[in-house]
Structures are given as C-alpha cells and as structure tokens.
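Let us walk through this structure step by step. Keep the 3D view open and find each part as it comes up.

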Number of protein chains: 2
Amino acid sequence: MIQQLIQKIQKTKAPVCIGLDPMLSYIPEHILKASFREFGENLAGAADAIWNYNREIVDHTWDLVPCVKPQIAMYEQFGIEGLKIYEKTVRYCQEKGLLVIGDAKRGDIGSTSAAYATAHLGKVKVGDSVCTAFGTDFLTVNPYLGTDGVKPFVDVCKEQDKGIFVLVKTSNPSSGEFQDRLVEGKPLYEHVADKVVEWGRDCMDGAYSNVGAVVGATYPEMSAVLRKQMPNTYFLVPGYGAQGATALDLKPCFNEDGFGAIVNSSRGIIAAYKQEKYAKFGPEHFAEASRQAVIDMAADISSVL
Amino acid sequence: MIQQLIQKIQKTKAPVCIGLDPMLSYIPEHILKASFREFGENLAGAADAIWNYNREIVDHTWDLVPCVKPQIAMYEQFGIEGLKIYEKTVRYCQEKGLLVIGDAKRGDIGSTSAAYATAHLGKVKVGDSVCTAFGTDFLTVNPYLGTDGVKPFVDVCKEQDKGIFVLVKTSNPSSGEFQDRLVEGKPLYEHVADKVVEWGRDCMDGAYSNVGAVVGATYPEMSAVLRKQMPNTYFLVPGYGAQGATALDLKPCFNEDGFGAIVNSSRGIIAAYKQEKYAKFGPEHFAEASRQAVIDMAADISSVL
C-alpha cells in the first residue's frame, strides 16, 4: 500500500494530504442554510452540510494530491448521521483515485484491536459472506497498549495490503508530557519508534514499510532524530500551517531522496477561504480557495526539498 | 456522575459491569439464523443478531448490576449498521436504568478530543438546536497525547456531569511494554496516574472524582500501589474472568470501605453459556446463563471484600 502512496506522490509531485476535518464553523453559510432547510437544524442537517462541503473540496482538489485524511471524530460528533458521511466521503475519495487515511487513532487490547482493524482496514465474515465496513487504505493507531494492541493492525496490513501510521511523536503542545519522558536515557517516543520499526519489518512494500509513524512537524529537532532512527518508515506529518509548523520545519521529516513523509493540512486547506490570503475567493468559491491553498502548500514544501 | 454509579453499586450490592462486547461467534445459532433469514448474511444481518443477543442479555441482567460497558469496536466492525446497534444498545440500557460506559478509548489533539467528547458524552450545537450523538454516561480515554488531549473530556465531565476512565495500567499481556517503563525511578503508568489525579481534582462528585482510571485486574501488585496513590479515583477494572484475574486479584483495586472499583466482565458473562459450568442452560437459554454468571461473579467479589 505504501508504494501506491509513493507512486501517487511522484505523480502529483505533492507530498500533501488534505485533512478532511470539517467543523460546522468552517462551512459557508449558503451550504449550511440549504442543508438546514432540507433536513432541519439537527444531526442529519449537519451531516448533509458536511457532505456538500467535503464533496466540493474534493471535486476541486482531487487531481492535485495523493491522499486525504478524514478525522473520524469530526463525523462521530454527529452520531450515526455523521458517520454515514464519513463512510460516503471515504468512498467518494477512493472513486476519485485518492488514497484515504482514516484518522481514528484506535488501539486497545488484542481482540478489540482486531475488531478495529477489521472495521477500518479489513473485512468481516458474516455467515458465508465477507463484508467491508469502512474500508480505508490507511489508519492511524495509538501504541499505548503495546505490541499485542498493535499487532492485529499489522496483521491486516500484511493480509490485505493496507497501511497504518502509529503515533510516535504527536504535534500537540502537551505531547511531551508522556512521550518525551526519558526511559533509559532516551525519550519514550524513541522507544515507541523502535517498536514501530520492529512491527514494520516484515511488512515491507518496496523501500518502505506499510507500518508508518505519526511524527508532528511542530518538533523538527525530534523529527530529525526519528528520521535517522527509522529510515524505512513513512511519516505522516501533522502540524503544518494552522498548528504552526513551516516548510523548513518539515524538511527533517523527509529522507534525502525527497520521500519518506506525507504532510497533512486540515484547516489551512479546507477553511482556506477564511484566511486573509484567500479572502478574495469569498465563501461562495471556498473550494477554489482550497485548491489554491493546496497549490501553495505543495510549492512551499518543494522549495525546501 | 460517579455518585450515581456508587448509589447503583450500593443498591445492587454488585460492583459489576457487564461488558457488552458481542462477537458473532458468541451468538447462538438460532439468533444468527433468524437475523440472516430476515436481513441476509451481511452487515445488517450481523447487526440485527447482535441487537437481539444484547437485548436478551440486558433483559435478564439489568436488575442485578449498576452498569454496562459496550466496547464500540465490536460494533464498529460492522460499519454503520453495527454502530446503529451500539446507539440502540446504549439507549436501551439507559431506559432500563443502567449507566453506560462507552468503551471507546478515544484521545487525540485538543480540538479532536473535543469532538470525541461531544460525540460520546456531550451535546453538539447545530444551528440553534442542541443535539446529542451517542450520549453515554462514561467514556474510556487514552492519555498518550497528554493534558491537552484529555482536557476536553474533563471539561465535558464538569459541564454535563459525566465521567471518564483514563487508561493508566491496562490488562493486556504487553501493557508493560511502554506503561511499565521507568521514568525518574517510577513506572510511566504512575506518572499517568499522577496526571489523572490532577485532572480529576476539580471534578469531584462526593468522595470520588468523575475522572476515573482504567486499572487492569491482571496486575494486582500494581493495582495496590495505584489504589494508594489515587484514593479518590474510581477504578474501572478489566481482566477478571476470561482474561485470567481472580477475585483475590481484584481486592487491591478496592478501598477499605468496599468502594473505589467497578469490575468488568465481558465474555465471562455474555458468553457464559459456552462455559462448562453453565452448559446446562444451553444456547436457547443463553441469557439465563448470563444472569447466573453475574450472580456468581458478584458473590465471588463479595467473598473477598
């Protein structure tokens, strides 16, 4: 699966992932109004607005990027109606040829992780049939429970040619609270990184493993260390743009061949029209603003590689 | 919220939580067959079977226990159809007077955790309306991202009188891989425990905080240390029964007053009819076997308190 991602990055020349993390506050009034008129000010109305918003963004950007990353929490907050739109968004993006990284950060004891792996990456047996639930291409995974909580995801990667990104060093301000604590002279996240390398070893797909890592762009000195520590691990890199990281901060996440990282931006792309820089597009043309933001982000990253 | 749990524990005299973690392999043939006949061997058929199975177990046990803990992964693996049954199970249990602990182990960066907190514990604003998505009473939370990833859940606990259980020391075999690593002379899980106490401090509800901890029964010597370290934190204790912990292993999770812990059992109760001990009930009377298993578990715990 990671090879498919790399090929798409080569084709688009953009190691850029669009974070489809819709908040109602991002959605232009005209979309909200239309959905509320049709479905009411309820979960179904919110979900419909999100769908129309997502679709327009995808329609204006699918040819520019290799992948998207819907954050399932943003859909889950609207319950079943929201999750239906999550599923619909995943399918729609895949039909457009985009790879989909489900950002769900799941992780539990073995038998439960197996169910999550089935839910998001695998297939479930029902009687004599084999069914697919969410069917994303990649999934983000939380490592706090250790190997037996991650193994079921790795197994599905192997069996179904899928990929995961395991949280190693996250982009948020308090990520250091536990992740940076020193264990035998090195931070915990480096121990997690060692395990990620180990888990990924028999999951190689070309030069990289299908078991990747989440490495926040907001801590570039740490990215540099991790890049060396895990040369065959692809990084999913959050934190660019709205969270504060610049293109220069991204550079250490890449290998010298220009590969090794896929950079996510959510707000910075999907709500671009709200930034002064893209205000000229106006709310009616929000998706064109998103398209321009993707082009600018790809150029920004290119300038440092 | 934790006071409501304690009152229900006092009333039922059973610090027992039924883990509603249905696997298709637990569900008796007659239920599977009926659902497959009506909906087909597909996600809807599986979901219907789970619903009929859950309902019968709840109908036979609701008067014996204070709460249930549906593991959302077991529903998520059947996609939207499965999640509809998760929601329906939550509502059904609440109508029966049971408190519901959503076992979702969510946790992410601040804005995303806020969406998860809204999804599972809170309310979401849509236009001028306020809507509820899953509406469980408690939620399990993963701490790997630190304070800003947990804070939004704590905020909802305060605002809406809800509760959380933060993973401190989990019950699975490899939980020690990261959780037990020594940081400044004490295991990481004790550092997490310190934070849980801190997060819970202004969330007190009587003698206990609405911010609880997940502490696996499978490591009793560690439970004993944590019990002393966090006297006002309620423990959600997995690992009893099928995972190997005995009643004696549970004892250190309780305070001397007999409170402080709620013990979960999933397989041991919901699939009791598959054990030799309860085989006499047969698959047709599986829920009566579950009832007997709850009675036996409550007695087993009582014997050590």
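Start in chain B, at helix H9. Its buried residues are Leu188(B), Tyr189(B), Glu190(B), Val192(B), Ala193(B), Val196(B), Trp199(B) and Gly200(B). Keep in mind that this is a predicted model. Helix H9 of chain B covers residues 188-200, which makes 13 residues. From its first C-alpha to its last it reaches 18 Å, close to the 18 Å expected at 1.5 Å a residue. Now look at the spacing of the buried positions. An α-helix has 3.6 residues a turn, so residues three or four places apart point the same way. Val192(B) and Val196(B) are both on the buried list.

Next, find the barrel in chain B. It is closed and has 8 strands, in the order E1-E2-E3-E6-E7-E12-E13-E14. The pairing is parallel. Zoom in on Ile18(B). Its bridge partner in E14(B) is Ser265(B). Strands of a sheet pair through backbone hydrogen bonds, either parallel or antiparallel.

Move to chain A and look at strand E7, residues 163-169. This strand is mostly covered, with 7 of its 7 residues buried. Which strands pair with E7(A)? One is strand E6 (residues 138-141) of chain A, which runs parallel to E7(A) and is joined to it by 4 bridges. Here Leu139(A) has Ile164(A) as its bridge partner. Another is strand E12 (residues 211-215) of chain A, also parallel, with 5 bridges to E7(A). There Phe165(A) is partnered by Gly212(A). In a regular strand the side chains alternate between the two faces of the sheet. Now follow the chain from E6(A) to E7(A). Helix H7 (residues 147-160) of chain A belongs with these two strands in a right-handed β-α-β unit.

Helix H13 of chain A spans residues 286-302. It has 17 residues and reaches 24 Å from first C-alpha to last, close to the 24 Å expected at 1.5 Å a residue. Several of its residues are buried, among them Phe286(A), Ala289(A), Val294(A), Met297(A) and Ile301(A). What covers the buried residues of H13(A)? The cover includes E1, helix H3 (43-61), helix H11 (247-250), strand E14 (261-265) and helix H12 (267-270) of chain A.

Domain 1 takes in 1-105 + 274-299, and domain 2 takes in 107-265. The C-alpha centres of the two domains lie 22 Å apart. In the contact between them, 22 residues of domain 1 meet 28 residues of domain 2. On the domain 1 side, helix H1 (2-12), strand E1 (16-18), helix H5 (79-95) and strand E3 (99-106) of chain A each supply at least two residues. E3(A) gives the largest share of that side, 7 residues. By class, that side has 15 nonpolar, 3 polar and 4 charged residues.

The two chains also touch. The contact takes 59 residues from chain A and 59 residues from chain B. On the chain A side, helix H6 (residues 110-120) of chain A supplies the largest share, 6 residues. The residues of that side divide into 28 nonpolar, 21 polar and 10 charged.

His60(B) sits in helix H3 (residues 43-61) of chain B. It counts as partly exposed because 18 other C-beta atoms lie within 10 Å. His60(B) and Ala287(B) are 227 residues apart along the chain, yet their C-alpha atoms are separated by 6.0 Å. Not counting residues up to four places away in sequence, His60(B) touches Ala287(B), Glu288(B), Ser290(B) and Arg291(B).

Lys105(B) lies in strand E3 (residues 99-106) of chain B. Its phi is near 45°, a positive value in a residue other than glycine. Is Lys105(B) buried or exposed? It counts as buried, because it has 30 C-beta neighbours inside 10 Å.

Glu184(B) also has a positive phi, near 50°. Glu184(B) lies in the loop between strand E8 (182-183) and strand E9 (186-187) of chain B. With 9 other C-beta atoms within 10 Å, Glu184(B) is exposed.

Definitions and conventions. Residues numbered from 1 in each chain as written. Chains lettered and ligands numbered in written order. Predicted model: local features only at pLDDT ≥ 70, side-chain atom pairs only at ≥ 80, totals over all residues. Domains from an automatic or database assignment. Contact = placed C-beta atoms within 7 Å. Nonpolar A, V, L, I, M, F, W, Y, C, P; charged D, E, K, R; others polar. Expected span 1.5 Å × (residues − 1). Buried ≥ 20, exposed ≤ 12 C-beta atoms within 10 Å, placed from the backbone. Pairing = 2+ DSSP bridges. Right-handed = clockwise from strand over helix to strand, strands pointing away.
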